[in-house]
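Thank you all for coming. I would like to take a few minutes to walk you through a structure that may be new to you, so please have a look at it first.

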Amino acid sequence: MSAVPSDHVHDRQQSKKAAASGWIGSALEYYDFFIYATAASLIFPQLFFPSNNPTVAIVASLATYGVGYVSRPIGAFVLGHWGDTHGRKHVLIVCMFLMGFSTIAVGLLPTYSQVGILAPILLVILRLIQGFAVAGEISGASSMTMEHAPFGRRGFFASFTLQGVQAGQILAAAVFLPLAHYMPTEAFNSWGWRIPFLLSFLVIIAGYIIRREVEETPAFAEEEKQGEVARAPIVEAFATSWPDMLRVVCMALMNVIPVVTTIFGAAYAVQAAYGVGFHKDVYLWIPVLGNILAVLVIPYVGNLSDKIGRRPPIIVGAIGSGLLSFGYLYAISIANVPLAIVMSLLMWGVVYQGYNAVFPSFYPELFPTRTRVSAMAISQNVGTAVTAMLPALFATVAPPGATNIPLTIGAITLGITAVAAIAAYTARETYRIPMKELGQPRAVPLPKSDYERLRNEAMA
């Protein structure tokens, strides 16, 4: 019988508290991030980028959404270093304050009609700060939750970080839905859109109260105690883990699916220039329903990855959601609301979660404790930064008036998800490797029988 890994003996209350902190913190922070994404699709073209050419306005507005991703690699370097040198808890509190205050500021911005070109310039600057802040969120929260989780349950516990992200998206749309539906269009475009941004003041207060209560992880605390905290985790990560960092960059390209669902899909369905004619409040329900389903599916997929491994759900989720993007875009093109909702539920709510629920455990498991937050933050955010330019690219290659929009955008989407699937296939499996050996390319997984015994004990 193999020795019991040290991460099997665990404080259950701390595991639950860390998972709850990851869930709530991610929900609040991504509420901020996604209210911007919703506004960029629905109203910012008219308010900040007025143009005689509607295509130019749409492309410009969606590009500011992408700018938030451009600053994410910079944030990943800074905040990843902070997380590996000062601890997971501290970096998450820093992320919360940066995100909250920059989001409130968006809600206070003057529009183009009031101050001219200064309005979009200020909007871009605040979006850069948002992107910088969110860069440390997923890697910090995933590492914290995974390091607090008992052996055999890391996939399940870490999945709650992404369940929180989906809940944040639901919250973002839930705030916009009644405003878009019940407010007169003139009032909504004048001041109603600001309300969701200003509500971030409550996010800052709630987030700080929650995150200050969580203890530092045992893995980081042990390294700190023994004086083994890396002084230059970024340099060390590139020197020792670059192949896995490259794999994570490629797998993070899966962000193309939420881009197609909630960003390009929204513009395609709602913007008058495309001529599809979905009502704003009707369209907003599509990603909401998909996210509600995702919230239900994520823990089951996380738990499944503890049984069968991390790679199979990611590979199936990547190829499957890429194929379903054709059907989703086709449903929008024929203005079929029920079909668009069904395709969204399948693509975004179910199949994509094979990737989405598993990467919060798989990515940090690929790296050692010393460099975990830096390696994951940098590689994941570089990958998502690449996908960030896709909304503007999609609107350029498939502008209003173009033919075969579903085929064009669907083909690009499937090609990108195939790259992610190949990257996952070439990675080593991590779910049966003890905490202290994570990140070691030659680490030997625990025998299946021993792993199952320890997993059952952890679940008992």
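This is a predicted model: local features need pLDDT of at least 70, side-chain atom pairs count only at pLDDT 80 or more; totals for chains, interfaces and linings use all residues.

Residues are numbered from 1 along each chain as its sequence is written, and side-chain values use heavy atoms, with hydrogens and water left out.

The protein is divided into domain 1 (10-214) and domain 2 (230-459), with bounds that come from an automatic or database domain assignment. Their centres, taken over C-alpha atoms, are separated by 18 Å. The size of an interface is often given as the accessible area lost when the parts come together. Here the two domains bury about 5400 Å² between them, 68% of it on carbon and sulfur atoms; that figure is the accessible area (1.4 Å probe) that two parts lose on being put together, summed over both.

Across this interface the rule finds two salt bridges, a salt bridge being a side-chain nitrogen of Lys or Arg within 4 Å of a carboxyl oxygen of Asp or Glu. By this rule the count comes to 11 salt bridges. Arg-154 lies in helix α9 (residues 154-182) and Glu-365 in helix α20 (residues 359-365), so this pair ties together parts that are 211 residues apart in sequence; helices here are DSSP runs (H or I, at least four residues), numbered from the N terminus. The side chains of Arg-154 and Glu-365 meet in a salt bridge at 2.7 Å, N to O, and both residues are buried, where buried means under 20% relative accessible area, exposed over 50%, and partly exposed in between (1.4 Å probe, protein chains only).

A second pair to look at is Arg-310 and Asp-306, whose side chains form a salt bridge at 2.9 Å, N to O. Arg-310 is buried, with a relative accessible area of 0%, and Asp-306 counts as buried at 0% relative accessibility.

Turning to Arg-311, we find a salt bridge with Glu-429, the closest N and O atoms being 3.9 Å apart. Arg-311 counts as partly exposed, at 25% relative accessibility. Finally, salt bridges that share partners join Asp-84, Arg-88, Glu-147 and Arg-372 into one network.

Terms used. Helices (H or I, at least four residues) and strands (E, at least two) are DSSP runs, numbered from the N terminus.
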